[in-house]
Amino acid sequence: MCNLDLEHLISDTNRSIATLAITTLLKTGNESSIDRLMKQIQSFMSEIPDEFKIVVVRAIQGLCLKFPNKHDVMMNLLSTMLRDEGGYQYKEAIVNTIIAVIEANPSSQDTGLISPV
């Protein structure tokens, strides 16, 4: 029930609160909510500054390591984020996350290295 309340905060006009809600959901989420969260994050990322994007990317990394069977959905989002607008530190955080996931879960290598365009 608490996670549903947090999902409503993703659309909060205060982007700090929305970022906190998304990262909390990523850290406390379960495997069944990953697909829905990734869809919400994709639209959310264009609305926040790079500093917040980096926090979200790190939370996605933790989720990838926690639920290795769902790496394909998260790696696809990361590859999309890599092609979107953003500064060096943001892009570096994405690349480091992709590398960390591949090292921890070798079955994610194909998804991480050959992502759909």
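This is a predicted model: local features need pLDDT of at least 70, side-chain atom pairs count only at pLDDT 80 or more; totals for chains, interfaces and linings use all residues.

Student: Is Thr 23 buried or exposed?

Tutor: Thr 23 is buried: its relative accessible area is 7%, and the cut-off for buried is under 20%.

Student: What does the side chain of Thr 23 reach?

Tutor: The backbone oxygen of Leu 20, at 3.1 Å.

Student: And leaving aside neighbours within four places in sequence, which residues is Thr 23 in contact with?

Tutor: Val 55, Val 56 and Ala 59.

Student: Switching to the largest nonpolar core. Which residues touch the most other members?

Tutor: The core has 33 residues, and Leu 26, Met 38, Ile 41, Val 56, Ile 60 and Met 81 touch the most other members. H2, H3 (34-44), H4, H5 (71-83) and H6 each give two or more residues to this core. The largest share, seven residues, comes from H4.

Student: What about Ile 41, neighbours within four places aside?

Tutor: Ile 41 is in contact with Ile 22, Leu 26, Val 56, Ile 60 and Leu 77.

Student: Now H4 and H6. At what angle do they pack?

Tutor: About 5 degrees, with the axes 9 Å apart. H4 spans residues 50-66 and H6 spans 88-104. Angles under 35 degrees count as roughly parallel, so H4 and H6 are roughly parallel to each other.

Student: Which residues make the contact?

Tutor: Among them are Ile 54, Val 57 and Leu 65 of H4, and Tyr 90, Ile 94 and Val 101 of H6. By class, the contact has ten nonpolar, three polar and two charged residues.

How values were computed:
Residues are numbered from 1 along each chain as its sequence is written. Side-chain values use heavy atoms; hydrogens and water are left out. Axes are lines fitted to C-alpha atoms, for helices over the stretch in contact, and angles run from 0 to 180 degrees between N-to-C directions. Helices (H or I, at least four residues) and strands (E, at least two) are DSSP runs, numbered from the N terminus. Angles under 35 degrees count as roughly parallel, over 145 as roughly antiparallel, 65 to 115 as roughly perpendicular and the rest as oblique. Contact means heavy atoms within 4.5 Å. Ala, Val, Leu, Ile, Met, Phe, Trp, Tyr, Cys and Pro count as nonpolar, Asp, Glu, Lys and Arg as charged, and the others, Gly among them, as polar. Buried means under 20% relative accessible area, exposed over 50%, partly exposed in between (1.4 Å probe, protein chains only). A polar contact is a pair of N or O atoms within 3.5 Å; within protein, one must be able to donate a hydrogen and the other to accept it, and residues adjacent in sequence count only if both atoms are side-chain atoms. A nonpolar core is a set of buried Ala, Val, Leu, Ile, Met, Phe, Trp, Tyr and Cys residues joined through side-chain atoms within 4.5 Å.
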